[in-house]
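Please keep the sequence and the coordinates in view while reading.

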Amino acid sequence: MALLQVEALTKRYGGETLALDNITFDVEPGEFVGIIGPSGAGKSTLLRCVNRLVDISSGDVRFDGVSVPTLRGAALRRQRTRIGMIFQHYNLVNRLSVIENVLHGRLGYKGTIQGILGLYTEEEKRDAARIIESLGLSEQMYKRCDQLSGGQKQRVGIARALVQQPKMLLCDEPIASLDPNAAKIIMDTLSDINRTTGITILVNLHQVDVALRYARRIIGINRGRLVYDGEPERLSNEQIYQIYGSEAGDLILDLRERYAA
Amino acid sequence: MTLPEPARRIRVRPLTRANLSIQATLIGLTLLTVYSFTTFDSRNIELEQAVRDMFDNFRLLLLEPRLKNVSVLEMLHQLFVTAGLGLLTTIFGAIIAFFLGLLAAQNLAPRWLTDVIRGGTAFIRAVPTVLWVLFFAVSVGLGSVAAIIGMTFHSAGYLIKAYSESFEEIEPGVLEALRASGANWWQTIFQAVVPASASALLSWTFVRFEINFSTAIAMGATAGAGGIGFDMFMASGFYLDLRELGAFTYAILAFAIALEWGATRLKANLGPQRH
Ligand SMILES: Nc1ncnc2c1ncn2[C@@H]1O[C@H](COP(=O)(O)OP(=O)(O)O)[C@@H](O)[C@H]1O
Ligand SMILES: [Mg+2]
C-alpha cells in the first residue's frame, strides 16, 4: 500500500490565491521524490499540507493509512512525529547546542512537563549522539548552533528530523542557501539515508539538474497544478518548458546540455 | 572630465509629512521656551545671591556629606529595604508578565487575545505608577502594601509589552520546525522561545528593576513605604540637613553603579558567544 496518498488536494490562501489546484499522486515506501517548479508554484505549500502545518481546503491526504485533513490536537502531533521536516533556513534555536537542537526532535514523543524541562531518557540521548556522529558532527556536539557553518547547520536539521525515527522526510529547499560543496554533502546524505534506512524522501528543489541527478521520481508543479509525474529520464524538453515557462526553460536546458557533455 | 552642473539642489532628506511635523514641533517648542523666559516673575530675586546660594547648597550636598540622625548601619538597612521593595515588585511583575506576555505575542497567541491584553496593558502603563499606588491606597491604606501592589501592577504592564515584543522577535521558522516535529505549545515555548529571548528578557527585567528602585525611593518619601526614601524626606524636609541628604545620595549612587555593573556582567555571560 502507498505510504502517502494525495487525492484532489486543493489549497487556497485567503479567498483568492489558489496555491494548489487538484493535485493527485501516491508515494510508495522508500521512494526518493524530487518536486520541482518555479518559485511560487506551490512546492512549499504541498509539503506543509502533508504534515498539516497549513490547513487543507479540500481533497484528502492520507499518510500511513491516516487521513490528515481532519486531524487535531494530540492525534495531529502524533502523526507529525512520524514525518521529519528539513528547511532551507535550518530553523535551529541558535542559542542552544547541537545536541539540544537534535533532541528537539523527540519532543513530540514526550509529556508536556518532560518536554518543558528537557528531560530526555538515556536511550534518547544515546540515539541522538549516534545520529550526530553518523552525520560527522561529533566534534560540534556541544557547540552552540550559531557557531556552525551553513552545511553543518543543515546536518543538525537532518539529525533533528532523524531522531524522530520518521517514516518520511519532507525537505523544503534544503540546499538553496548552501554553497555547491555543502549542497553536495547534504544531497549525498539524504540519498544515503534513503538507501540505507528506506526512509521515504520528498524534496523540494528549484535546481532541476540536482533533482534529475538524485531523485528517482520527479513531480513537476506549475501554478499549483501537477504538470509532470514520472521518472527523471523521461522528462522531456517540452515538459521542462511546461513546468518553468519558456524563457527559464531555455536556461535550464542549456545547463542540462552542458552538464550532460 | 567635469560633471554637468546640477540644475537644482538635491534634497537629501525627503519632504515628508513626518519630517514636516517634527520640524514644526521643534520650532514650536523653541518659541515656547523663549516666551516663557520673558514672562518669569523675577522681581524679588537677587540673581547673584541666588546663584551663590545654589552653589553653596550643592557644596554641602556633594562635597561635605556626613550622617547625623541615622547610623551607617541604619542607612544601609534602609537602602536594602528600598532595594527590596524594588526587587520584590520587579519579580512579581516579571512572573505575571511572562505568562501574559506569551499571550500578548502575535506569533504565539490568537489575535483577539493579544488585542485584549495589549489594550489592557496600554491602559495600565498610561497611568503613572504613583497614581496606581494612591489608587490601591484607597483600599489598603497608604503604606508599603499599597506601594507593592501599585508598583507590581505598573511593572507587569510595562514588562508584558517588553516581553511580548521580545517573544515576537523569534524566527517564525524555528516555531514551525518544532511544531512540525510534533511538539506542543508549552514545549515550543520553553525549548525555543525562552532560550532565544532569554537575554532580552533579562535586560528588560533589569531596566525595570532600576526604574522600580528609583520609584521605591520616591514611594518611601511620599507614600509611606519606608526605606531610604523616607530618611531622605526627613533629612531634607524635617531636619533641613543637606549634608545628610548628600550621604544618602552617594549611597544610592553607589548602589545604582553596583547594580549596573552586575547587569552588564550577567548580560555578557548570556550574550552571543565569540570564538
Ligand atoms: N501563508 C501564506 N499566505 C498567503 N499566501 C501564501 C502563503 N504561503 C504561500 N502563499 C502563496 O501561495 C503560492 C505558493 O507558494 P509556495 O508554496 O511558497 O511556493 P513555492 O514553495 O513553490 O515557491 C504563492 O503564490 C504564494 O504567494
Ligand atoms: Mg518554497
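The text below turns to the ligand site, then to the interface between the chains, and finally to some local features.

This is a predicted model, in which local features need pLDDT of at least 70 and side-chain atom pairs count only at pLDDT 80 or more, while totals for chains, interfaces and linings use all residues. Residues are numbered from 1 along each chain as its sequence is written, chains are lettered from A and ligands numbered from 1 in the order in which they are written, and side-chain values use heavy atoms, with hydrogens and water left out.

The shell around ligand 1 consists of A:Y13, A:T17, A:A19, A:P38, A:S39, A:G40, A:A41, A:G42, A:K43, A:S44 and A:T45; a residue is counted as near when one of its heavy atoms lies within 4 Å of the molecule. By class, this shell holds 4 nonpolar, 6 polar and 1 charged residues, where Ala, Val, Leu, Ile, Met, Phe, Trp, Tyr, Cys and Pro count as nonpolar, Asp, Glu, Lys and Arg as charged, and the others, Gly among them, as polar.

A:T45 contributes through its side chain, a polar atom of which is 2.5 Å from a ligand oxygen. Taken alone, ligand 1 exposes 560 Å², and the protein buries 57% of that; accessible areas come from the Shrake-Rupley method with a 1.4 Å probe, and for residues only the protein chains shown count as cover. Two elements of chain A, β2 (17–27) and α1 (43–50), each give two or more residues to this shell. Helices (H or I, at least four residues) and strands (E, at least two) are DSSP runs, numbered from the N terminus. The largest share, 3 residues, comes from α1(A).

The interface between the two chains comes next. Here 31 residues of chain A are in contact (heavy atoms within 4.5 Å) with 25 residues of chain B. The area buried between them is about 2400 Å², with carbon and sulfur atoms giving 52%; buried area is the accessible area (1.4 Å probe) that two parts lose on being put together, summed over both. In chain A, the residues losing the most area to chain B are A:R95, A:I116 and A:Q147, together 25% of what that side buries.

How many salt bridges cross this interface? The rule finds 1, a salt bridge being a side-chain nitrogen of Lys or Arg within 4 Å of a carboxyl oxygen of Asp or Glu. A:R48 pairs with B:E176, the closest N and O atoms being 2.6 Å apart. Between chain A and chain B there are also 11 residue pairs in polar contact, both residues at pLDDT 80 or more.

Over all chains the structure holds 24 salt bridges. One of them joins B:R52 to B:E48, at 3.2 Å between the closest N and O atoms. Both residues lie in helix α2 (residues 47–63) of chain B, 4 residues apart, about one turn of the helix.

Most residues other than glycine have a negative phi. A:N22, in strand β2 of chain A, has a positive phi of about 55 degrees although it is not a glycine. A:R52, also not a glycine, has a positive phi of about 60 degrees and is found in the loop between α1 and β4 (58–63) of chain A.

Terms used:
A polar contact is a pair of N or O atoms within 3.5 Å; within protein, one must be able to donate a hydrogen and the other to accept it, and residues adjacent in sequence count only if both atoms are side-chain atoms.
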